[in-house]
Amino acid sequence: MKTSLLSLSLVSSMATAAAQDMTMPLVQLKSTDMNPKPWCLDGSPGSFFIHKGSDSNKWQLYFEGGGWCYNEKDCFNRAHGDLGSSTNYPPSVERDQVGGGVISASCETNPTFCNHNFVYMKYCDGDSFSGASDIVTTVEGEDQHHRGHYILGGVLESLLADHNLADATELHLTGCSAGGLSTYLHTDYVGEFVRANAPNLEKFGSSPISGFFLDRENVNKEHIYGDQIRTIFNLANATSGVQQACVADAVEGEEWRCNMAADAYKYITNPIFPFDASIDSWQSGCVMTASEVDQSVPAAEVPNGNCHTEEGWENCGGDITKCSVNEMYSVTEYQGSFMRHMSNSDTFSKNGNGAFIYECFTHCAAQDDSFYTNVVLSDGTSQLTMQAATDKWWNGVQLNPATSTNPASNFYPALWNLDASNPNESCSTAMKSSKGCIDGIDCYLPFELENKGIKIM
């Protein structure tokens with residue numbers, strides 16, 4: 001009995017220690033021959049947080065989101081905060097504070113990836129880890145760097161050299177919002193790297209979260225968002241930092257389109273399973289009802305986009321339950337446009353791939369516990385939650401996607417009703433216990449939300 005009690009005590013102590021070992025230390029990148037000057041906009045070093053999971057050879061890498069800066073003045077402002085500088089990053093964060101849903105540390109919420117090694121890649125370059133400019137831009141006497149592609153390369157190089165990435169048997173890549181776009185842009189780049197350097201790799205795939213931003217006019221036929229992305233693409237010299245098969249196939253002068261999710265998506269060769277809303281709360285305000293920014297004012301006064309500001313659409317753009325019947329025709333047309341852009345690509349129906357596209361008016365819902373475990377869709381044969389659909393897809397992922405015999409696992413949304421009601425009741429169920437990541441707010445770390453004065457719901 002004494003031995004048994006002692007054993008139980010040891011097991012209990014070990015479990016407690018493991019439960020308490022949730023600290024993610026900050027790792028700052030250094031300049032190397034392979035990835036020189038992996039700097040944030042202000043010249044401070046790119047960084048990542050890392051947690052070693054109990055499945056030591058399985059990995060989940062996450063791109064932080066946070067929008068983009070669209071011109072030199074906008075990037076000047078961004079360089080003075082955490083999305084453009086690593087100067088004020090804390091020395092560590094707790095694993096259970098970096099997000100829920102598909103990146104949750106709870107095995108009840110996220111049984112597929114909860115025990116993986118987890119890497120949170122901090123976002124500080126302003127163009128979804130894509131900048132590759134050797135030119136230092138000077139704005140109001142301050143230097144500005146666009147080196148996001150080298151930050152991503154530096155993270156991978158550091159994981160390989162110092163954290164045993166070479167022993168990886170599985171790697172799942174994901175990210176939210178601008179980090180979701182990063183996932184589209186860099187899935188094949190990361191896939192090629194890990195395949196080349198992890199000889200025991202058995203599985204690799206990606207799941208972009210709310211990153212399929214449409215390049216389309218606003219409700220008044222003005223081309224706002226696409227022009228903004230084209231500007232930062234050129235400023236960041238991102239030609240070599242985005243999906244390279246897309247760039248190789250692009251019309252000369254139109255390479256910037258490869259900085260858009262829909263264009264990059266067509267060329268992705270690795271297994272991919274996007275999460276997105278067919279009517280996303282960020283896109284409704286910052287693409288569908290955005291207006292042009294006045295860039296003639298001093299840098300400090302330039303806003304980071306004009307969302308929800310198109311005249312007459314201020315209420316509907318931010319909350320579609322307030323839309324009129326006439327406005328709802330534009331909303332449902334946007335949903336249809338979203339699905340056409342995604343489903344018309346061969347990537348959508350390719351064996352081994354899939355998608356979970358829901359009706360919930362949210363942003364980054366896949367990393368919210370409630371939405372991840374409560375939202376239900378059909379793939380034509382069964383009704384599954386987002387979590388169950390993810391598990392089904394991941395279990396079928398094969399190292400060589402070209403030989404996969406698993407049909408694409410696609411879950412489709414319905415159109416919103418013209419009375420501005422949502423046809424999917426599971427969205428309402430999820431909303432009741434959601435902790436945030438909705439209404440156009442990217443899912444930052446809790447300490448960053450507090451710094452921004454945003455109340456966590």
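The model is predicted.

Start with helix 14, which spans residues 425–432. Ser426, Cys427 and Ala430 are buried there. The general rule is simple: an α-helix has 3.6 residues a turn, so residues three or four places apart point the same way. The face of helix 14 turned away from the buried side carries exposed Glu425 and Lys432. Among the elements that cover the buried residues of helix 14 are helix 12 (369–374) and strand 12 (376–378).

Now the rings. The structure holds 23 aromatic pairs. One of them joins tyrosine 62 and tyrosine 120: the centres are 5.0 Å apart and the planes lie at 40°, so the pair is tilted. Tyrosine 62 lies in strand 3 (residues 55–63) and tyrosine 120 in strand 5 (residues 116–121), so this pair ties together parts 58 residues apart in sequence. Tyrosine 62 is buried, at 0% relative accessible area. Tyrosine 120 also counts as buried, at 0%.

Phenylalanine 356 and tyrosine 358 form another tilted pair, with 6.3 Å between centres and 45° between planes. Phenylalanine 356 has 0% relative accessibility and counts as buried. Tyrosine 358 is buried, with a relative accessible area of 0%.

Ring pairs also build a cluster. Phe113, Phe273, Phe275, Tyr372, Trp393 and Trp394 are linked this way.

The charged end of arginine 95 sits over the ring of phenylalanine 118, 3.9 Å from the ring centre. The charged end of lysine 122 sits over the ring of tyrosine 89, at 4.6 Å from the centre.

Terms used: Residues are numbered from 1 along each chain as its sequence is written. This is a predicted model: local features need pLDDT of at least 70, side-chain atom pairs count only at pLDDT 80 or more; totals for chains, interfaces and linings use all residues. Side-chain values use heavy atoms; hydrogens and water are left out. Buried means under 20% relative accessible area, exposed over 50%, partly exposed in between (1.4 Å probe, protein chains only). Helices (H or I, at least four residues) and strands (E, at least two) are DSSP runs, numbered from the N terminus. Contact means heavy atoms within 4.5 Å. Rings of Phe, Tyr and Trp (its six-membered ring) pair if their centres lie within 6.5 Å; planes under 30 degrees apart count as stacked, over 60 as edge-to-face and the rest as tilted. A charge sits over a ring if NZ of Lys or CZ of Arg is within 6 Å of the ring centre and within 35 degrees of the ring normal.
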